[in-house]
Amino acid sequence: MDRIAMESRVFGPVELVGGPGGAVFETTTELSGATVPFRLEVDDPSRFDERQLAQLDAILLGWERIDTMAHDALVAALDDPDSAPSALLREWVEEAESRESDTRRFLAELKPQSVTMLWDAPGPHQDRIVMPYSYSLSANPVFLRFRDRIGVEIDPVRRAT
């Protein structure tokens, strides 16, 4: 097993663990007001260098853009009563009898449960960032996929992580 170590402005020391078939880096980070598990997957670790790490840092330091895209996708999906976010909203309302269907409050409680970045997955239209969102660790999340050249897609069905 190979180890490639570099220094990130966001994470500090980054050590990719793996080999020619792929490598990973796992940690936790603060995103969208929550501490979440973070996983970076790199298919070709020999091509992940300081320049690539600087790009990763830039993405993480500008996370507000990702957060806004996720929020906008969730809001749009709530217009469809059959969408996974709508099912999660109904569950959220039913969980506490005192809750009304307050979309703003619901969206404020949704947080990413984890972040997986698929740095160099081959081919067009690949997932680049995958984040399950939920209001609680006990509720099955909604999966948001940031896809290369497409934008944000939401899995049509909720599932356990």
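Let's start with helix 2, residues 63-77. It has 15 residues, and at 1.5 Å a residue it should span 21 Å; the C-alpha atoms at its ends are 21 Å apart, which agrees. Keep in mind that this is a predicted model.

Which residues of helix 2 are buried? They are Trp 63, Ile 66, Ala 70, Ala 73, Leu 74 and Ala 77. Looking down the axis of helix 2, these buried residues fall within an arc of 100°, so they line one face of the helix. Glu 64 and Arg 65, on the other side of helix 2, are exposed.

Next, the strands, with strand 7 as the reference. Strand 7 covers residues 127-134. How many of its eight residues are buried? Eight of the eight are, which is to say that strand 7 is mostly covered.

Strand 7 has several partners. With strand 5, residues 111-112, it pairs in the antiparallel sense over two bridges, and there Pro 112 stands opposite Tyr 133 of strand 7. Strand 6 also pairs with strand 7 in the antiparallel sense, again over two bridges. Met 117 has Ile 129 in strand 7 as its bridge partner. Then there is strand 8, residues 142-147, which pairs with strand 7 in the antiparallel sense over six bridges. Here Ile 129 turns up again, with Phe 146 in strand 8 as its bridge partner.

Now the interior. In soluble globular proteins, nonpolar side chains tend to be buried together. In this model the largest nonpolar core has 39 residues, and those with the most contacts inside it are Leu 40, Phe 48, Leu 56, Phe 106 and Val 115. Strand 4, residues 34-42, supplies the largest share of this core, five residues.

Take Phe 106 from that list. Setting aside residues up to four places away in sequence, Phe 106 touches Leu 78, Pro 85, Leu 88, Leu 89, Trp 92 and Tyr 135.

On to the aromatic rings. A search of the whole structure finds four aromatic pairs. In one of them, Phe 11 and Phe 38, the ring centres are 4.9 Å apart and the planes are at 45°, so the pair is tilted. Together with Phe 25, they form one aromatic cluster.

Another pair is Phe 48 with Trp 119. Their ring centres are 5.7 Å apart and their planes are at 85°, so this pair is edge-to-face. Phe 48 is in the loop between strand 4 and helix 1, while Trp 119 is in the loop between strand 6 and strand 7, so the pair ties together parts that are 71 residues apart in sequence. Why does Trp 119 count as buried? Its relative accessibility is 16%, and the cut-off for buried is under 20%. Phe 48, at 3%, counts as buried too.

Last, Ile 59, which lies in helix 1, residues 50-61. Beyond its neighbours within four places in sequence, Ile 59 is in contact with Met 117 and Trp 119. From Ile 59 to Arg 105 is 46 residues in sequence and 27 Å in space, C-alpha to C-alpha.

Methods: Residues numbered from 1 in each chain as written. Predicted model: local features only at pLDDT ≥ 70, side-chain atom pairs only at ≥ 80, totals over all residues. Heavy atoms only, no water. Helix = DSSP H or I, 4+ residues; strand = E, 2+ residues; numbered from the N terminus. Contact = heavy atoms within 4.5 Å. Core = buried A, V, L, I, M, F, W, Y, C linked by side-chain atoms within 4.5 Å. Buried < 20%, exposed > 50% of the residue type's maximum accessible area, 1.4 Å probe, protein only. Phe/Tyr/Trp six-rings, centres within 6.5 Å; stacked < 30°, edge-to-face > 60°. Expected span 1.5 Å × (residues − 1). Arc of directions from axis to C-beta. Pairing = 2+ DSSP bridges.
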